[in-house]
Amino acid sequence: MCVAPACDDGVANGDETDADCGGSCPSACSTGQACVAPVDCQAGVCDGGFCAPPLCTDAVENGDESDVDCGGSCPRCPDAEGCSSGADCESGVCSVYGACQAPHCFDAAANGDETDVDCGGP
């Protein structure tokens, strides 16, 4: 008996790009699985027909990044980029709105030209 392709049948069929992932399936494919577009992949990067791992240089917010290619285990983010903590920001300050803030003299961080927390320098 023939059965229609499904996203849980253990084989790549229908419009899936690999077994039970990609295409119209709700599951995106893992690193190394086949893809035809970034949307097919968990990390949002389809390179040479295969899902690539998240990198700090792939122009996509993925992995543990707080914004595109910055924050988390990537380099710190510049002002106005997304953040989840001060550790994600070049300034060391993440606003309550989740954006890196420019250094200023009342941000409770030793940043900018300060010699200590909110003091020294200009």
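Reply: Start with a link between two cysteines: with 100° about the S-S bond, the disulfide of Cys21 and Cys29 is right-handed. This is a predicted model; local features need pLDDT of at least 70, side-chain atom pairs count only at pLDDT 80 or more, and totals for chains, interfaces and linings use all residues. Residues are numbered from 1 along each chain as its sequence is written, and side-chain values use heavy atoms, with hydrogens and water left out.

Me: What makes Cys21 and Cys29 a disulfide?

Reply: The sulfur atoms of Cys21 and Cys29 are 2.1 Å apart. A disulfide is a pair of cysteine sulfur atoms within 2.5 Å, so the pair qualifies. Both Cys21 and Cys29 are buried.

Me: How many disulfides does this rule give?

Reply: The count comes to eight. One of them joins Cys7 to Cys25, S to S 2.1 Å. Cys7 and Cys25 both lie in the segment before β1 (46-47), 18 residues apart, and the pair links distant parts of the chain. Strands (E, at least two residues) and helices (H or I, at least four) are DSSP runs, numbered from the N terminus.

Me: Why is the disulfide of Cys7 and Cys25 called left-handed?

Reply: The torsion about its S-S bond is about -95°, so the disulfide of Cys7 and Cys25 is left-handed.

Me: Why is Cys25 called buried?

Reply: Its relative accessible area is 8%. Buried means under 20%, exposed over 50%, partly exposed in between (1.4 Å probe, protein chains only). Cys25 is therefore buried. Cys7, at 33%, counts as partly exposed. Cys2 has 80%, so Cys2 is exposed.

Me: What makes the link of Cys35 and Cys46 right-handed?

Reply: The torsion about the S-S bond is about 95°, so the disulfide of Cys35 and Cys46 is right-handed. The sulfur atoms of Cys35 and Cys46 are 2.0 Å apart. Cys35 sits in the segment before β1, Cys46 in strand β1, eleven residues apart. Cys35 is buried at 5%, while Cys46 is partly exposed at 23%.

Me: How do you know that Asp67 has no salt bridge?

Reply: The nearest side chain of opposite charge, Arg76, is 15 Å away. A salt bridge needs a side-chain nitrogen of Lys or Arg within 4 Å of a carboxyl oxygen of Asp or Glu. Asp67 is buried yet has no salt bridge.

Me: What does the side chain of Asp67 reach?

Reply: The side chain of Asp67 reaches the backbone nitrogen of Gly82 at 2.5 Å. Asp67 is found in the segment after β2 (50-51).

Conventions
Lys and Arg count as positive and Asp and Glu as negative; His and the chain ends are not counted. A polar contact is a pair of N or O atoms within 3.5 Å; within protein, one must be able to donate a hydrogen and the other to accept it, and residues adjacent in sequence count only if both atoms are side-chain atoms.
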